[in-house]
Amino acid sequence: MSAWYQWLRLYRIHVRLLGAFVFLFLITLLLSSLLFIPFYYQQLKQSLDAQISQGTHAIIGEISTSAETAVRSHLKGITDAELTAVRSFYEAYRRGEMSEQAAKEAASQHLRHVTIGSSGYLYVIDSKGIIRTHIKPELIGKSLARYDFIRQQMKTKQGYLEYDWQNPGESAPRKKALYMTYFAPWDWIISASSYRDEFNQLINIDDFRHRILEMRFGQSGYAYVLDGQGEVILHPFIKRHSPEADYLKNTPFVRQMLEQHNGALSYDWQNPDEPTPREKVARFIFLPSYDWLIVSTYYVDEFDQPLHQLLKMSALFLLILLGVIVLTAMSLSESIVRPIRECIGRVNRIGRGGEGVLIASTERARDEVMFMSRFFDKFIQRLSVSHTLLEENHRQRVDLQEKTEALNRELAAINQSLEVRVCERTAALNETIRQLEETRTHLVEAEKNAALSRLIAGVAHEINTPLGNLVTSTSYLFELMQEHSRQLAEGRLSRTHLTDYEQGTGELHAMMEQNLQRLVQLIQRFKMLDLQDEGDGPALFTLGELLEEAAQFSHLDRQGVELKIEGNGETLVKGVKKWFMLSFSELMLNSLQHGGERLGQVHITITATAGQLRIGYGDDGKGIDERLIPHLFEPFVTDARFRGNAGLGLHQIYNIVTQKMGGEIRYEPSEGRFWLTLPFEESPA
């Protein structure tokens with residue numbers, strides 16, 4: 001860097017200033033050209049592309065509108081004519097010429113013989129979606145209400161409708177169109193249906209000819225339409241079936257467009273009134289339903305012409321600007337260099353023993369050089385004053401040192417007394433901490449005792465009901481047996497008594513077996529609170545598959561509840577599958593038991609990061625009572641005990657997640673969602 005400075009100092013200041021201005025101007029010009037010209041070119045290209053895209057889609061819209069209008073009118077004419085025929089049969093029935101059933105059969109026979117195009121036909125359904133007339137007799141009397149378009153017909157009964165239909169043996173569905181009208185006396189929806197591609201010949205090109213022929217891109221770009229064989233459908237300069245049309249059909253770029261169907265290409269084209277060919281760009285879209293190719297074209301030189309004009313104007317402006325910069329730089333450098341030369345001359349005169357005056361005494365200027373001279377004069381004057389002040393400062397420094405020593409001695413005494421006070425305060429703080437620890441221990445024990453009390457009370461309450469039922473059933477069974485033995489001993493045993501005895505003992509047996517099964521289930525649930533049983537060892541499984549198994553185990557699908565998994569369901573997890581299965585099946589059972597009639601979906605979110613697996617569980621049910629949230633994971637906490645719920649599910653899940661899986665579980669009331677956070681290590685696939 002010092003070599004660069006030395007090189008610059010070989011030149012005068014005005015040369016350096018002028019060089020700096022010109023250099024910065026050229027750098028600015030280069031950067032502006034690199035940034036602005038590509039941006040402007042891209043904006044021009046995007047504008048032209050947008051214009052061509054809008055024009056092409058406008059053509060497609062015109063064609064689609066014309067086609068839909070033609071198809072709708074054709075089908076409507078057929079249905080209106082056949083509705084008149086059906087009314088004639090109905091009027092014959094009204095006049096008594098035939099029965100109503102005979103009139104319906106005659107009308108059906110007439111409708112079955114009507115054809116539309118090569119594969120279209122008429123059919124009749126009623127307002128319940130049941131077929132009343134069809135060209136296939138085996139379909140008559142069957143319901144088609146499972147199809148969406150049939151349900152729409154049942155709803156609207158009249159109007160135009162398009163839908164997709166795939167016949168047996170076809171690889172893909174095809175577009176169909178129908179027009180329906182309603183004959184109320186017989187509850188008949190008469191529909192004329194056929195494939196859309198069979199009506200292409202109904203399209204009237206004159207409906208959109210004027211708009212396409214007047215469309216222009218740039219100065220002389222235009223649009224035209226070809227069919228799938230390259231024949232001209234519409235062209236602003238070429239007529240159909242003319243020699244020019246045959247020449248256009250056989251050009252390489254038309255053959256390429258027919259093969260490529262969609263895209264863009266460039267080629268050379270010479271108009272009859274131009275001496276040389278010009279480069280041309282064509283963007284084209286193929287409409288398979290009409291077998292038409294929509295082509296939009298423009299000339300490249302018309303696209304580049306605004307850019308060339310801009311470059312010429314920019315070059316002229318930059319030349320003028322460069323001249324202004326040179327003149328400005330020369331004037332500025334002269335205003336800087338001239339005062340410096342004058343200052344140097346004065347210093348030389350004083351150095352040679354000239355007039356001993358201050359430098360600033362002969363000038364009245366207000367530029368930087370004059371300010372520098374004045375500052376130098378003030379420096380000399382203040383130098384003598386500074387010497388006097390220096391001696392005074394030395395004396396004050398000695399006094400300050402003596403005062404500092406006295407203050408240090410006083411500070412040492414204060415520090416000593418402060419250490420004693422800190423020791424006293426520390427001892428008091430330690431005593432307070434000890435008391436707080438004892439209080440916290442007592443509170444924890446009290447909470448444990450309260451939870452244990454609630455657990456014992458819950459167990460007693462849950463077991464007491466089936467045990468009471470068993471005692472009552474046993475007592476009643478004993479009374480029945482005594483009565484049976486007494487009548488048997490007295491010889492008064494009758495068939496009625498035996499029947500009552502058999503029926504009563506059967507009912508008691510069923511009741512006792514039901515209560516015993518309830519006791520077994522409760523005991524098994526209580527045993528699951530003991531997490532010492534590991535079950536199967538760790539295994540590698542996919543989290544999404546496990547959630548699907550839990551949903552099947554909980555019978556979500558049987559209850560009409562959808563399981564939605566967001567995130568990576570293919571995440572591989574290594575752990576004890578029993579704990580995962582038990583946790584999520586209990587959550588799903590909890591949703592089924594408490595979700596209410598609103599329940600329709602269970603949604604689970606999976607987020608796997610380095611070292612952590614976060615799983616969110618929620619549903620769209622009625623939610624959790626706010627009063628239960630503080631005690632949500634305690635045993636026997638439930639608002640559905642009247643339905644036989646014990647309130648152990650969430651407590652069991654909490655024990656599994658925290659004790660066996662080494663994670664944590666919490667409930668977010670604002671989201672209505674449980675969040676499980678588990679340790680996780682990504683396993684290889």
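His555 sits in the loop that connects helix H11 to strand S14 (562-567). In this predicted model, its phi is positive, about 60°, although His555 is not a glycine. Most residues other than glycine have a negative phi. With a relative accessibility of 32%, His555 counts as partly exposed, because that value falls between the 20% limit for buried and the 50% limit for exposed.

His241 is placed in the loop between strand S9 (232-234) and helix H6 (243-249). Its phi is near 60°, again a positive value in a residue other than glycine. His241 has a relative accessibility of 65% and is therefore classed as exposed.

Which helix does H11 meet, and at what angle do the axes cross? The axes of H11 (residues 543-554) and H12 (residues 577-594) come within 9 Å of each other and cross at roughly 50°. H11 is therefore oblique to H12. The crossing in which H11 passes H12 is right-handed. On the H11 side, the residues in contact are Leu543, Leu546, Leu547, Glu549, Ala550, Ala551, Phe553 and Ser554. On the H12 side they are Lys577, Phe580, Met581, Phe584, Ser585, Met588, Leu589 and Leu592. By class, the residues of this contact between H11 and H12 are 12 nonpolar, 2 polar and 2 charged.

H12 also packs against H13 (residues 649-660): the axes of H12 and H13 come within 9 Å and cross at roughly 150°. This angle makes H12 roughly antiparallel to H13, because angles over 145 degrees are counted that way. H12 passes H13 in a left-handed crossing. Here Trp579, Leu582, Ser583, Glu586 and Leu587 of H12 meet Gly649, Leu650, Gln652, Ile653, Ile656, Val657 and Lys660 of H13. The contact of H12 with H13 has 7 nonpolar, 3 polar and 2 charged residues.

Ile656 belongs to H13. Its relative accessibility is 0%, so Ile656 counts as buried. Ile656 and Ser583 are 73 residues apart in sequence, while their C-alpha atoms are 7.3 Å apart in space.

In soluble globular proteins, nonpolar side chains tend to be buried together. The largest nonpolar core has 37 residues, and those with the most contacts inside it are Leu543, Phe580, Phe584, Leu587, Met588, Ile604 and Phe674. At least two residues of this core come from each of H11, H12, strand S16 (601-609), strand S17 (611-619), H13, strand S18 (664-668) and strand S19 (673-680). H12 supplies the largest share of this core, 6 residues. Which residues does Phe580 contact, leaving aside its neighbours within four places in sequence? They are Phe541, Leu543, Leu546, Val573, Met661 and Leu678. A second, separate core has 21 residues, among them Leu75, Ile78, Leu83 and Tyr90.

Ala610 is in the loop between S16 and S17. With a relative accessible area of 82%, Ala610 is exposed. The C-alpha atoms of Ala610 and Glu681 are separated by 6.9 Å, although the two residues are 71 residues apart along the chain. Glu671 is in the loop between S18 and S19. Its relative accessible area is 47%, so Glu671 is partly exposed. Between Glu671 and Gly618, the C-alpha distance is 8.4 Å and the separation in sequence is 53 residues.

Finally, some figures describe the chain as a whole. It has 13 helices and 19 strands. Of its 685 residues, 33% count as buried. Among contacts between residues at least 6 apart in sequence, 60% join residues at least 24 apart.

Conventions:
Residues are numbered from 1 along each chain as its sequence is written. This is a predicted model: local features need pLDDT of at least 70, side-chain atom pairs count only at pLDDT 80 or more; totals for chains, interfaces and linings use all residues. Side-chain values use heavy atoms; hydrogens and water are left out. Axes are lines fitted to C-alpha atoms, for helices over the stretch in contact, and angles run from 0 to 180 degrees between N-to-C directions. Helices (H or I, at least four residues) and strands (E, at least two) are DSSP runs, numbered from the N terminus. Angles under 35 degrees count as roughly parallel, over 145 as roughly antiparallel, 65 to 115 as roughly perpendicular and the rest as oblique. A crossing is left-handed if the near helix is turned anticlockwise from the far one by less than a right angle, and right-handed if clockwise. Contact means heavy atoms within 4.5 Å. Ala, Val, Leu, Ile, Met, Phe, Trp, Tyr, Cys and Pro count as nonpolar, Asp, Glu, Lys and Arg as charged, and the others, Gly among them, as polar. A nonpolar core is a set of buried Ala, Val, Leu, Ile, Met, Phe, Trp, Tyr and Cys residues joined through side-chain atoms within 4.5 Å. Buried means under 20% relative accessible area, exposed over 50%, partly exposed in between (1.4 Å probe, protein chains only).
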